[in-house]
Amino acid sequence: MSAWYPLLLKLEGRKCVVFGGGPVAQRKAEGLLQAKADVRLVSPGATGQLMEWFERGLLRWTAREAVEEDLDGAVLVFAATDRGEVNRKLAEWAARRGIPANVADDGENGDFIVPAVLRQGGLVLTASASGAGPALAARIIGELAERYGQDYNENVEALRTIRRIVKAKIADQAERRELLRAAVSDEALTEWRSASWLHEEQDRLILRLRQLADERKG
Ligand SMILES: C[C@@]1(CC(=O)O)c2cc3[nH]c(cc4nc(cc5[nH]c(cc(n2)[C@H]1CCC(=O)O)[C@@](C)(CC(=O)O)[C@@H]5CCC(=O)O)C(CC(=O)O)=C4CCC(=O)O)c(CCC(=O)O)c3CC(=O)O
Ligand SMILES: NC(=O)C1=CN([C@@H]2O[C@H](COP(=O)(O)OP(=O)(O)OC[C@H]3O[C@@H](n4cnc5c(N)ncnc54)[C@H](O)[C@@H]3O)[C@@H](O)[C@H]2O)C=CC1
């Protein structure tokens, strides 16, 4: 088993090529669209949903079998056809060009795998079983979705503001860390949700964070 390294990629406007047009390719394309990538689909057939995304101009679709030139200028390749030998060939072409590839029918033969994902605004939770059990990864994300609901959209935006203020106002790194850790307790998060004063009253915010930090030390 590979020792996979998790990371978040910036793909906005970057060419990502998905080969295959079934449910698996659709899932990969959907994640790429959420990341605002420039999605290219290459496949003779496509699901109704993929066709709809194509018709709405959300992705480009080349309706034929894969050829090597499809990889030109790509930053990521997804081999999600139902033909093992085609997926293997795609991984070879990608390797030759130094483009990381995902191989849907044989994860270990690719450069990266795709975890199960929950997006709640800027909060991005992922789960992976390193290929041993994609269904387990999906189940865990389902559980996290119940725990981290819509509220967290607002939390993340409030935290962005708070962090900006704390970084501007507090020079000492240890103190900054203490305040920012205090800012993410359940109590604090609930408070920020109804705190429309955050932007305007920066000193009040710092004062409140100090209180919360002291309570934590308690
Ligand atoms: C290695 C990996 C490569 C990759 O695709 O990146 C891979 C490989 C394979 N998946 C297979 C099957 C299934 N995959 C799913 C679901 C998901 N698969 C995803 C990722 C990954 N799948 C990567 C590992 C990720 C990790 O472990 O962290 C998820 C998380 C993300 C996504 O695809 O976007 C998405 C959940 C999305 C969600 O719902 O949240 C289900 C569940 C279902 O359909 O209900 C089943 C049926 C149950 C089962 O077989 O376990 C098969 C066998 C195919 C066959 O039987 O021929 C292979 C091939 C093999 O075994 O290597
Ligand atoms: N990674 C994952 O999450 C999962 C992977 N799989 C694997 O992924 C494969 C694909 O799964 P599905 O989407 O359900 O398959 P599918 O059979 O629904 O779709 C396969 C697609 O590949 C296209 N295709 C065939 N030859 C091609 C070529 N030479 N170039 C480009 N496109 C080509 C077909 O037109 C079709 O749209 C399965 O065979 C299975 O091995 C299956 C389930 C989950």
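1. The centres of domain 1 and domain 2, taken over C-alpha atoms, lie 42 Å apart. Domain 1 covers 15-114 and domain 2 covers 151-217 of the protein chain. Please keep in mind that this is a predicted model.

2. Now to ligand 1. Its shell holds 22 residues, and the closest are Gly107, Val114, Ala116, Ser128 and Pro134. Helix H1 (23-34) and helix H4 (134-147) each provide at least two residues of this shell, with H4 giving the most, 5 residues. By class, the shell around ligand 1 has 11 nonpolar, 7 polar and 4 charged residues.

3. Lys36 is not a glycine, yet its phi is positive, near 60 degrees. Lys36 counts as exposed because 12 other C-beta atoms lie within 10 Å, and the cut-off for exposed is 12 or fewer.

4. Ser130 is worth a look too: its phi is positive, about 55 degrees, although Ser130 is not a glycine. Ser130 sits in the loop between strand S7 (123-127) and H4. With 14 other C-beta atoms within 10 Å, Ser130 is partly exposed. As background for both residues, most residues other than glycine have a negative phi.

How values were computed: Residues numbered from 1 in each chain as written. Chains lettered and ligands numbered in written order. Predicted model: local features only at pLDDT ≥ 70, side-chain atom pairs only at ≥ 80, totals over all residues. Near = placed C-beta within 6 Å. Helix = DSSP H or I, 4+ residues; strand = E, 2+ residues; numbered from the N terminus. Nonpolar A, V, L, I, M, F, W, Y, C, P; charged D, E, K, R; others polar. Domains from an automatic or database assignment. Buried ≥ 20, exposed ≤ 12 C-beta atoms within 10 Å, placed from the backbone.
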